Amino acid sequence: MFSPQEAMRQVTSTTDATIERTDRGRSAPTHRTPPRRRTRRQRLWDRLLVLDPGFVKSEGALRTLLCVPAGMAVGYAIALGFGLPAILGLMIGAMPAFITCLVIVDPSAGRVAGRTGAVVVPFVIALAGSIALHPFRIVELVLIVVLLFVQFLAFQWGKWASDTAIVAFSGYLCGLLLPLPETAVLPLSIVVAGSLAVTIVIRTVFLRPNPYRSLMRTRRGFVARGSDVLEAATAALATADEPRRRARALRRLRHRRAQYHEIALTVDGMLAASGVDGTADELHRLVFDTHFAIDELGRAAAALVEQGAPEDVRHAALRAFTTVLRHGGSAGDDAGRTLGARFAITATAADRGSRTAVLVQRMGREFADLRTAGLRWRELRDELPRAGDGVPFASPVILAGGRPVGAVPVVADEIAEGPWRRFHMTASLRTAVHAAIAVAITEPLALLLDGSRFYWGVIGVMIVLAGTNTTPERVRKGIHRGVGTIVGGAVGIGLVHVLGTDHPWVTMVMVCVLLAVGTYGFGGLYAVWAACLVVVLCQVYDYSGTFTDALIPMRLAENLLGATIAILVSLVVLPLATRSVVRRAVRRQLVAVRAFVLATVGVDADATDDGDEADGTTASRSDRLDLRSRSRAVDNATYQLESVLKPMVRFPTGGPARADARMRASLQAAAAFARELAGRPGAAPAVVPATLRGAAEHLAASVDTLSDRVVAGPAAAAEGVWTRITDRLEDVAQSLPDGPDGDALRDRVHALGRIDESLALLAERVGMTVVGDASTPMSAVGGTISV
């Protein structure tokens, strides 16, 4: 006699063998590939691409590693020719090469050369001006305030202006720190020009930008991160019967899905807004479809585990996931067929309307969609031009360090519409004002601490304000700077005592490598950059004969002095309340959800009042009504909200964190429902019933009211009504015809109902009155709106 488990295992094995014989009996499909046997090198390559999409940070480190020593060599040769100290030629030669490699990033080699060559003028002028102002100490100090103000303000004027301001400030600091006669201006100008010339040669000949290669690398990292999600889903299914391992596996799956969501936004941000023959739009759709399919597969696997699906069902899903992991996404059809055949023999399959059956059917659809997306990726890979601006791929510099922008748009909204709107303030102008005031306060205090190195306090102000917009961000960056300085100081002091000045070549190699490593960490691990920089400075001070063991503690003190003053100034001057910024972030997401809701029924939220499109073109209106684009806008707003909600310190209980968690849950649910509708295949319905359009417009009006209530804040008088649209959607669902148009309309009814349900909870939490048929659960509407 066999136990039930043994009998089921025999049936499962028989089914597997039958499926495999059936596959062998067919003509081999063209998309079948042999199992992937990735070497250790390939696995390492994929890991690197996952950590650094498109090798944005790695290419920056490589630029630094090659251009800085080349600039140093040019500076050394010219310095010897003009009789200047060698250390001076090395430092001035390295500075413009390093700054331009860090700041100037562009997919066009011509623009890289043009922008790099253009900064020779502001660098030389600032350097010469700084040397000429040595006798006029007060003017010299005042000019630092002006230059730092202009540097932050120039971000709103475009790349060329920003390049000029950053390089001018760097050149001014170089002249300020080097007590040189005015006769040294000419040879130093030649050093700067030579350093920039060799940098242009290296970056346009040996490191020539290749948008196609970057796009393929980004795609591979995107696919590798998707494989991480599938592997985490497999682990969750395999450990469902072991409570502790299951809990860990589910946490890991949630983490992998969050990482995949971020890299999907990053890849989408890297794609150009326009391309050749609509290729860029196709790439945007492929990124969305691939992300949606894999994310839904991960979510479905987690649901099977959490609801306690039978072992045979989980085993069927596990086999399907394994097929895709072994053969790639193009084997999605095989995985779907395997899943369907194995599920059909289970007792659970008899109840076609059960939650488990719905999940399995959804997984089958997503496996098929994954295959379609995989094949289209391969076709586009062959269709894209291999070089030139025709490749629809934009420079990652439009992102924040190769990652999606976080709080910047939210802060811009708060400044434009908040209490400072009467001053016509912008985010860049506000930061520039903070920088000018903070430096004006820091300079005299730093002069009292250490008159010869007061600029350390100025740098403390600059590093805290650069790339940050909110107080929590500035506090975190200041902490990273302090930690990096402490670690770098400990290592740097030790290396000075070990190496001294007896091994110049070892020191030069170490300096170049550390600058490259620091450049890699600059975008995400700021403490790494700070530590590497301090080690380099220890070597520079040692060779200049000014190093002491007390130097780094003094640098730390002045850096933290400047950072602290910058944070205090941002709290007092033109302050922005953190909760107000959070409310603006919530409003941005609600605005994106409203636009999605209207797009589901063919209404353009961006159209002008007279019915014309914002830019007067039908094509642009079609793009704006694309549900994938609208859903991606909701996802992007969700990411911005997460960036704003990230606290300085996480408290385990109490405070506004609980309210934020509940609010986040409602908004994330709405974003998930929007993504699910946008990811469904099929054309949009030809005609949208007036009743459905009315329901969507009514929901959009409620979202408008909710966004206004959120921005008003808890201190405002409770007002506004959220009217549920359950009854309207039920009437629409009962009147829909059969066929493709009817199915597409049912999908829209389903999504609108779920968005209404999730946001009604948020409306109730912020004090709005929720009315309508709230007593009728959304799952009761004939299965149309049920999850």
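Q: In which helix is leucine 65 placed?
A: Leucine 65 has its place in helix H3. Helices here are DSSP runs of H or I with at least four residues, numbered from the N terminus. The model is a predicted one, in which local features need pLDDT of at least 70, side-chain atom pairs count only at pLDDT 80 or more, and totals for chains, interfaces and linings use all residues. Residues are numbered from 1 along each chain as its sequence is written, and side-chain values use heavy atoms, with hydrogens and water left out.

Q: Why does leucine 65 count as partly exposed?
A: Buried means under 20% relative accessible area, exposed means over 50%, and partly exposed lies in between (1.4 Å probe, protein chains only). Leucine 65 has 33% relative accessibility, and therefore counts as partly exposed.

Q: Why does aspartate 295 count as buried?
A: Its relative accessibility is 5%, so aspartate 295 counts as buried.

Q: What makes the contact of aspartate 295 with arginine 257 a salt bridge?
A: The term requires a side-chain nitrogen of Lys or Arg within 4 Å of a carboxyl oxygen of Asp or Glu. In this pair the closest N and O atoms are 3.0 Å apart, and aspartate 295 forms a salt bridge with arginine 257. Aspartate 295 lies in helix H12 (residues 279–306) and arginine 257 in helix H11, so the pair ties together parts that are 38 residues apart in sequence.

Q: How many salt bridges does this rule give?
A: The count comes to 25.

Q: What separates aspartate 334 and arginine 337 in helix H14?
A: The two are three residues apart in helix H14 (residues 332–344), which means a separation of about one helical turn.

Q: What do the side chains of arginine 362 and glutamate 676 form?
A: They meet in a salt bridge, at 3.8 Å from N to O. This pair links distant parts of the chain, 314 residues apart: arginine 362 is in helix H15 (residues 355–383) and glutamate 676 in helix H26 (residues 657–678). Both arginine 362 and glutamate 676 are buried.
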